[in-house]
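Please look at the structure before reading on.

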Amino acid sequence: MVAKLSRMISLALVGAGVLSLAALTSATTVKAQDKPLGHYNATTKDFWLHPPDDWWRGDETEAQRGLVPVPGQPLPTPAADLEKNLAAIKLPPGFKISVWASSVPQARQMAWGEKGTLFVGTWDAGTVSAVTEQGGKRTVKSVIKGLRMATGVAFTNHTLYVVDIDKVYAWENPEDHLDNLGPGKVVYDDFPPYTPHGWKYITVGQSGELYIPVGPPCNECLPPSGTAQVRRINAENGNAELWAIGVRNSVGGAIDPRTGNLWFSENARDWLGDDIPSDKLNLVSKTGEDFGYPYCHQGDILDPVYGKGHSCAEFNPPIVKLGPHVAPLGMKFYTGNQFPSEYSGNIFIAEHGSWNRHQKNGYRIERVTVNPDGTNASQEVFASGFTDGTKVLGRPTDVILAPDGSLLIADDQASAIYQISYTGK
Amino acid sequence: MSRFVISLCALGAALAVGAASRAEDAKPGADIALKDKLEICSGCHGPAGVSQIDGVPNLAGAPDLFTEWQLVYFRGETRMNEQMTPQAKDLTDSDIRDMGAYFLSLPAPAPTGPDSDPALTQAGAKLANERHCAQCHTETFAGQGEVPRLAGQREEFIVKALHDYQHGARRGRGNVIMPEIAYSLNEDDIKAVAHFMSRQPGK
């Protein structure tokens, strides 16, 4: 409810004493079953600042050995190759896709400035790019450097906001001095310092408030204080409210223009298998709802370790199960006029694509049709073909509407931004 | 001598691959031949990508994406290093691609001579297993994709890299997972892992 929320909770947890957690065993292999129970001393500040490394690894079965995150592509795909790649993208009839900008390093969340600049975050490059247009020619420039995980960017109230792990930075009227933005003003600094799942996304609410998720610094664990949640932050005074809890790694959200409610995408845990659990699309209909992590996954699977003693009925189920390991990231409601009317109010979600399963899944733009209260939800693939099952041509990270009602797609693999337009042909 | 000949052949191959994409670059350094840029690399990293200098890593046999990422981070001022950040400033995309291919093509250094401390190697092997190093660095620790080769790397450089991760000094790829792994290693552990990795043949 207040700023300094995480600090208060961490005091309470230190008071709770030694936590003895069951080791992250998996029932599926003998090897895992043979492991002794883990013992963690949670009484020190050090423990919470540096979670044990077995919170990430050690859960994999023999069959899962060697599954690693998809290697990133360091250099942008040359413009000529991008055109070739786009020929493989499948879209519904009447839509076309083209390259909007190339050489946008590690393109992640996008935000429009009020003077037509598109700001684009990155991941571990720690930079923010600005795409400007003059005389029909687009120029990409790195305007902010030196951050660690500059994934989430937003623009509201004449101000560019960038969230970097534990801080939100602000630049007022940045488009007036793009060549020299300076270090930015810290407007919020009360996020936990963890890098793992510490990259974030900013969803701007209808009154300019910033909804920002805080991931747990682990695959599956009892989340350290102040993590596994979504906060609503007032950037003017630094106050924060807890908006949702029980949230794993969320890197996407959007406000329903029909209600003002927050919807968000959520990446489910790894190592339970190729086909479970499903990643989620969630709706927060009232403050403080619990979405189940680490106890319940995809609304109906109890965690083999942390689920003991719980029932999934205790938690908010997802509105849509998006599929196992598809990695849903940035999302938007369609509020433009260019697409046919049946698209109005639909949700587009960028699916980064899987790594924690043997066959690739995701690597596409998903379309969700749903009532404001979450009923009558249906989903279909809108744009696919960013992988042929082996080779990865692109990894969608975010979507945003262009002023003409077309849809822009950010891709951090090819370091490019695409445009999907409706032509009716 | 033979190593030098091999590296020149590999350089020729890398240059041929890179020549086609050269035209699109208009950076200040674009008119300098790759060969001359690689000569600057070899000044510290050794003519065959095998370093003779403490604190300077071997690059021979490094996965191409790893080399490319690091150069991109140095060039973009994500990874700040007194020597490398300025060196990489004017590299073009095709230089970086060529350098990735070039260092991968060089024969990786293999440990020679008897192990000076077999007990330390054993302790390092145990730690490597417990910390699941092979999950990303591969079973032979030869690395893959963006994940660096550890096998045959200079011992003191692995120590330095783990210290950098411990203190949050290393930016860019790896800073999601490596800080927590490095943090939980004590000085003896770090020495053991570094010694073990430096002794691995990588195949």
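## A cluster of rings in chain A

In this predicted model, ring pairs join A:Phe95, A:Tyr334, A:Phe339, A:Tyr343, A:Phe348, A:Phe382 and A:Tyr422 into a cluster. One member, A:Tyr343, also has a charge above its ring: the charged end of A:Arg367 sits over it, 3.8 Å from the ring centre.

## Aromatic pairs

Over all chains, the whole structure holds 26 aromatic pairs. A pair of aromatic rings is described by the distance of the centres and the angle of the planes. A:Phe95 and A:Phe339 make an edge-to-face pair, with 4.8 Å from centre to centre and 85 degrees between the planes. A:Phe95 belongs to strand S1 (residues 95-102) of chain A, while A:Phe339 is in the loop between strand S21 (328-333) and strand S22 (347-351), so their pairing ties together parts that are 244 residues apart in sequence. A:Phe95 and A:Phe339 are both buried.

A:Tyr188 and A:Phe191 give another example. Their ring centres are 4.9 Å apart and their planes stand at 70 degrees; because an angle over 60 degrees counts as edge-to-face, this pair is edge-to-face. Both A:Tyr188 and A:Phe191 are buried.

## Chain B

Chain B contains 10 helices and 0 strands. Of its 203 residues, 51% count as buried. Among the contacts in chain B with a separation of 6 or more, 72% come from residues 24 or more positions apart.

Note on methods: Residues are numbered from 1 along each chain as its sequence is written. Chains are lettered from A and ligands numbered from 1 in the order in which they are written. This is a predicted model: local features need pLDDT of at least 70, side-chain atom pairs count only at pLDDT 80 or more; totals for chains, interfaces and linings use all residues. Side-chain values use heavy atoms; hydrogens and water are left out. Helices (H or I, at least four residues) and strands (E, at least two) are DSSP runs, numbered from the N terminus. Buried means under 20% relative accessible area, exposed over 50%, partly exposed in between (1.4 Å probe, protein chains only). Contact means heavy atoms within 4.5 Å. Rings of Phe, Tyr and Trp (its six-membered ring) pair if their centres lie within 6.5 Å; planes under 30 degrees apart count as stacked, over 60 as edge-to-face and the rest as tilted. A charge sits over a ring if NZ of Lys or CZ of Arg is within 6 Å of the ring centre and within 35 degrees of the ring normal.
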